[in-house]
Each structure stands twice: as structure tokens, then as C-alpha cells.
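I am keeping these notes while I look through a structure, one topic at a time. Each term gets its cut-off where I first need it.

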Amino acid sequence: MADAWLVVGLGNPGPDYQRTRHNVGVDVLDELCARAGVTRSRHRKAVASVGERRIVGGPKVVFAFPETFMNRSGGPVASLMDYYGVPIEQTIVIHDELDLPFGTVRLKRGGGAGGHNGLRDVIAARGADFIRVRVGIGRPPGRQDPADFVLKRFGGTEQQELPFMVDTAADAVEHVLRDGLVAAQQALHSP
């Protein structure tokens, strides 16, 4: 296996999408970069910006922000995997999850797209055997269209709780990188 990990935060580019539910993966990746003291810059081969850091006594980590719209994330992810020689098993994708209550964070490897177009595109480009950090944004109220819901900003109470959810998701990524998926799942998913 390669001595590198790729950590991807899914979201949409541009200021109109900042701090929306669909961009929570980017929010988590921003937190991870801040913790590691990593600044990002535009990648010369992929449509993405990246930051790199070697964990002391551990692997190199590439923090990646695709600069395409969510439903076109597969191309940048595949390009970065090729460029850095990172296998799918050492790729972590952080994304919003409608099927989890707001504030819930879960880890898993593989699975389907579950209606998430960003995941669908990554799976189409490289397969499904990557690690997912599923950040719960909850279901839309009433009959609101989920596509509209994910593009809205978090409400007032959610805004207050958002930093805690982002911290939990960032902690989960660091735990995976340090101790592996199973140990991170046991720590995160235990009551």
C-alpha cells in the first residue's frame, strides 16, 4: 500500500454554497487543515485544491477540495488518486448524509450512493471501497424537496451545534488515520 492517504471533502464551489448543508464535507476538511496548519493551493493536474502534511511517525495525508460541482467529484478524486498513488482503501470521503439525524457522524467502508450524486460520481470513477465519513444533516421538513434542502444554510439552532458536529467528524478522520477504521468506528459508534 502507498504511504499516503487522500482525504476529500465533498461540496460545491463558490461563495453561494459556503456553509450550506451540502458543503459540510468541505467544512470538516477546513477544520482538519486548520488543525494541521495546512494551507491549500490549486493542484496542477486535477481540478482541485490540495494541502499536504506528513503525520509525525505516520503517512502523508493529502487534503483535497474538488473544485467541480458535487455531481462531478469523481474526476478530481480519480486524478488525485492517480497522481499521489493512493489506493481506494486509503481514500476517505467526507460528505453530508440525509439519512442520519443532524449532528450524527458515522464511519463506514463501501456501500452504494444512497441518492448522493457526489458519491455516485466517485463510485463511477473509482469504485465504492473508500472510507466514508457520513455527517448527518437530517431530512427536510414536510414535503420540501431534498435537493433544495441540501443547498440551504443551516438554521439558527443548527448553526450553534454545527461546530461540535464538524469537530466530531474531524476527530473521526484523525482517528482513522492514526488507528484504522475499526478502532475509529468502535470509538465513535459506541454509546
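**Entry 1: strand E7 and its partners**

I began with strand E6 (residues 105–109), which pairs with E7 in the antiparallel sense over five bridges. For the names I rely on DSSP runs, numbered from the N terminus, with helices (H or I) of at least four residues and strands (E) of at least two; two strands pair if DSSP finds at least two bridges between them. In this pairing Arg109 stands opposite Ile131 in E7.

Before going on I noted that this is a predicted model, in which local features need pLDDT of at least 70 and side-chain atom pairs count only at pLDDT 80 or more, while totals for chains, interfaces and linings use all residues. Residues are numbered from 1 along each chain as its sequence is written, and side-chain values use heavy atoms, with hydrogens and water left out.

I then looked up E5, which runs parallel to E7 and is joined to E7 by six bridges. Here Glu97 stands opposite Gly136 in E7.

How many of the residues of E7 are buried? I found that six of its six residues are buried, so that E7 is mostly covered, where buried means under 20% relative accessible area, exposed means over 50%, and partly exposed lies in between (1.4 Å probe, protein chains only). In a regular strand the side chains alternate between the two faces of the sheet. For E7 I wrote down Ile131, Val133 and Val135 on one side and Arg132, Arg134 and Gly136 on the other, with both faces covered.

**Entry 2: salt bridges**

I counted a salt bridge wherever a side-chain nitrogen of Lys or Arg is within 4 Å of a carboxyl oxygen of Asp or Glu, and by this rule the count comes to 14 salt bridges.

One of them joins the side chains of Glu97 and Arg134, at 3.2 Å from N to O. This pair links distant parts of the chain, with Glu97 in strand E5 (residues 91–97) and Arg134 in strand E7 (residues 131–136), 37 residues apart. Both Glu97 and Arg134 are buried.

Another salt bridge is formed by Asp167 and Arg35, whose closest N and O atoms are 3.4 Å apart. Asp167 belongs to helix H5 (residues 156–179) and Arg35 to helix H1 (residues 24–36), and the two are 132 residues apart. Why does Asp167 count as partly exposed? Asp167 does so because its relative accessibility is 31%, and Arg35, at 32%, also counts as partly exposed. I noted too that a network of salt bridges links Glu31, Arg35, Asp167, Asp171 and Glu174.

**Entry 3: helices H5 and H6**

Two packed helices are described by the angle between their axes and the distance between the axes. For H5 and helix H6 (residues 181–189) I read an angle of about 145° and axes 7 Å apart; axes are lines fitted to C-alpha atoms, for helices over the stretch in contact, and angles run from 0 to 180 degrees between N-to-C directions.

Which residues meet here? Thr168, Ala172, His175, Val176 and Asp179 in H5 meet Leu181, Ala183, Ala184, Ala187 and Leu188 in H6, contact meaning heavy atoms within 4.5 Å.

Leaving aside its neighbours within four places in sequence, His175 is in contact with Gly180, Ala183, Ala184 and Ala187.
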